[in-house]
Amino acid sequence: MKPLILLNFKTYPEAVGKKALILAKKLEKVKTKKYELVIAPSLPTLEEVTVGTSLTVYSQHTDLAGLGAYTGKISAEELKKIGVRGTILNHSERKVPFPVLKKIVADCKKHKLITVICASSLAEATEIAKLKPDYLAYEPIELIGGEVSVTKAKPVIIAKAVEVVKKISTKTKVLCGAGVHSREDIQKALQLGTKGVLIGHVVPKAKDPAKFLKEMLR
Ligand code: G3P
């Protein structure tokens, strides 16, 4: 299993509307044998990007909703139908109450949608591991969007999260994110026992996103 590099486009101006597909097409040219590259475009651009590129696409969120009388909801079943392969859940910018999260994870599993559940602390990670997601991403809120990588600021907690999660759910792979911005950050994350990273602002905001990403994945 190659380490996962999950690029969260959020709703950065450089990555929304028509720019989402333009950015995705630039990034699909970045070939890598070392990593599994996945992108998570904004919800309104999901299908266009999924259909328009060869990249694997995850949603930034999924609701507890089926096909039917659900207004303003993102359903796992519909995401699967449009070719989305997985979903981020409980990102610190889109938290989900635990009882609801538990039901969403079950629905994602039913529709074979890969789950990447975010945790802002070791305590939260310990709880979330009990849901046995495919991935658990440790992302301390205070480092998100910043210049200091979580791998530099919280190496001990990352290693602890890997240890704790493994004891609770052997199938769950741990990721980390927040401030990740260099090849060294990715290497350090892997040395600490994670199976990859989430990356937000540095790629869409780079002068040349594809060149920047290529260097990070070298
Ligand atoms: O989901 C990943 C994201 O929260 C990390 O953001 O901008 O610190 O890389 P950033």
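A crossing of two helices is called left-handed if the near helix is turned anticlockwise from the far one by less than a right angle, and right-handed if clockwise. By that rule, α5 and α7 cross in the right-handed sense.

This is a predicted model, where local features need pLDDT of at least 70 and side-chain atom pairs count only at pLDDT 80 or more, while totals for chains, interfaces and linings use all residues. Residues are numbered from 1 along each chain as its sequence is written, and side-chain values use heavy atoms, with hydrogens and water left out.

Back to that helix pair: the axes (lines fitted to C-alpha atoms over the stretch in contact, with angles from 0 to 180 degrees between N-to-C directions) come within 9 Å and cross at roughly 20°. That makes α5 roughly parallel to α7 (angles under 35 degrees count as such). Here's who touches whom, contact meaning heavy atoms within 4.5 Å:

| Helix | Range | Contact residues |
|---|---|---|
| α5 | residues 122-129 | L122, A125, T126 and A129 |
| α7 | residues 155-168 | I157, K160, A161, V164, V165 and I168 |

Now the sheet: eight strands, β1-β2-β3-β4-β5-β6-β7-β8, form a closed barrel with parallel pairing (strands pair if DSSP finds at least two bridges between them). Within it, β5 (residues 114-119) and β6 (residues 135-138) share four bridges, and I117 sits opposite L136 in β6. Helix α7 packs on the sheet, touching β6 and β7.

Just past α8, G193 has a positive phi of about 105°.

Conventions: Parallel < 35°, antiparallel > 145°, perpendicular 65-115°, else oblique.
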